[in-house]
Amino acid sequence: MALPLAGLRVLLGGFFALTGAAKLSQQIAAPVSQQMKALFIQFAEVFPLKVFGYQPDPMSYQVAVGWLELLAGLLLVLGPPVLQEISNFLLIVLMMGAIFTLASLKESLNTCIPAIVCLALLLLLGICQLLVQPKKVFRSTRKKIRSAFKKS
C-alpha cells in the first residue's frame, strides 16, 4: 500500500510543482502565460474574500498561487511526513478555491473536471495516509508511589 501512495504523492507533487512553475515563469510557456494572465483577471473578480472587501491584484494573485503550488508540490514529494500532510491540506484548500472560482464564473463542467479530479486525488491521498500511518502505542510510565501511611 505504501508504494502506490508514494507514486500518487510523486505524481500529484510533480504536477503541482510544474503548474506552479508555469504560473511563475513566462519563459517556460509564453503562450500559456498570456492565457493565464487573462484568466487571473477573471479569477480576481470572483475572489472568495471579495465579500470582506479584499480583492487581489490579478498578477499578485497569479504569483501567490504559483508559489503555493510550486512549494506545496515540492514538499509533497520531498518533504518529511508532517510537511507532506500540511502541503496536501494546502493543496486541497487551493483546489476547493479553484472549484469555487470556476463555479462562480459559471464555467462548464469540462472546465471544472481537472480541479475536481485533483481534489479527489488529494483527498484520497490524505485519507489513505491517515489509514496507513503506524499507530503509536503509549505505555504508562507512571511508577508506583509508596504510600506515606503504611499499615503496621
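A nonpolar core is a set of buried Ala, Val, Leu, Ile, Met, Phe, Trp, Tyr and Cys residues joined through side-chain atoms within 4.5 Å, where buried means under 20% relative accessible area, exposed over 50%, and partly exposed in between (1.4 Å probe, protein chains only). The model is predicted, so to speak of a local feature takes pLDDT of at least 70 and side-chain atom pairs count only at pLDDT 80 or more, while totals for chains, interfaces and linings use all residues. Residues are numbered from 1 along each chain as its sequence is written, and side-chain values use heavy atoms, leaving out hydrogens and water.

**View 1**
Welcome to the fold. Helices (H or I, at least four residues) and strands (E, at least two) are DSSP runs, numbered from the N terminus. Of the 152 residues, 32% count as buried. Contact means heavy atoms within 4.5 Å; among contacts between residues at least 6 apart in sequence, 65% join residues at least 24 apart.

**View 2. The largest nonpolar core, with 24 residues.**
Which residues touch the most other members of this core? They are Leu 12, Phe 16, Tyr 61, Leu 91, Met 95 and Leu 122. The elements giving two or more residues are α1, α2 (30-45), α3, α4 and α5. Helix α5 gives the most, with seven residues. For a closer look, pick Leu 12: setting aside neighbours within four places in sequence, Leu 12 is in contact with Leu 76, Leu 121, Leu 122 and Leu 125.

**View 3. Helix α1 packing with helix α5.**
Here α1 (residues 2-24) meets α5 (residues 109-132) at an angle of about 140°, and their axes are 10 Å apart. Axes are lines fitted to C-alpha atoms, for helices over the stretch in contact, and angles run from 0 to 180 degrees between N-to-C directions. This crossing is left-handed, a term used if the near helix is turned anticlockwise from the far one by less than a right angle (clockwise makes it right-handed). From α1, the contact uses Leu 5, Leu 8, Arg 9, Leu 12, Phe 15 and Phe 16; from α5 come Cys 118, Leu 121, Leu 122, Leu 124, Leu 125, Cys 128, Gln 129 and Val 132. These residues divide into 12 nonpolar, one polar and one charged. In this count Ala, Val, Leu, Ile, Met, Phe, Trp, Tyr, Cys and Pro are nonpolar, Asp, Glu, Lys and Arg are charged, and the others, Gly among them, are polar. Leu 124 of α5 is partly exposed, at 43% relative accessible area. The C-alpha atoms of Leu 124 and Leu 5 are 119 residues apart along the chain and separated by 9.3 Å.

**View 4. Helix α3 packing with helix α4.**
At what angle do α3 and α4 (residues 81-104) pack? The angle is about 145°, with the axes 8 Å apart, and the crossing is left-handed. Contact residues include Tyr 61, Val 65 and Leu 68 of α3, and Leu 83, Gln 84 and Ser 87 of α4. The residues of this contact divide into 11 nonpolar, five polar and one charged.

**View 5. Two buried glutamines, Gln 62 and Gln 84.**
Gln 62 sits in α3 (residues 58-78) and counts as buried because its relative accessibility is 2%. Its side chain reaches the backbone oxygen of Lys 23 at 3.2 Å. Beyond neighbours within four places in sequence, Gln 62 is in contact with Lys 23, Met 36, Lys 37 and Phe 40. Gln 84 belongs to helix α4 and is buried too, with a relative accessible area of 10%. The side chain of Gln 84 reaches the backbone oxygen of Gly 79 at 2.9 Å. Not counting residues up to four places away in sequence, Gln 84 touches Arg 9, Leu 75, Leu 76, Val 77, Gly 79 and Gln 129.

**View 6. Ala 22 in helix α1 and Lys 106 in the loop between α4 and α5.**
Ala 22 and Ser 33 are 11 residues apart in sequence, with a C-alpha to C-alpha distance of 7.3 Å. Lys 106 is exposed, with a relative accessible area of 73%. Although not a glycine, Lys 106 has a positive phi of about 55°.

Methods:
A polar contact is a pair of N or O atoms within 3.5 Å; within protein, one must be able to donate a hydrogen and the other to accept it, and residues adjacent in sequence count only if both atoms are side-chain atoms.
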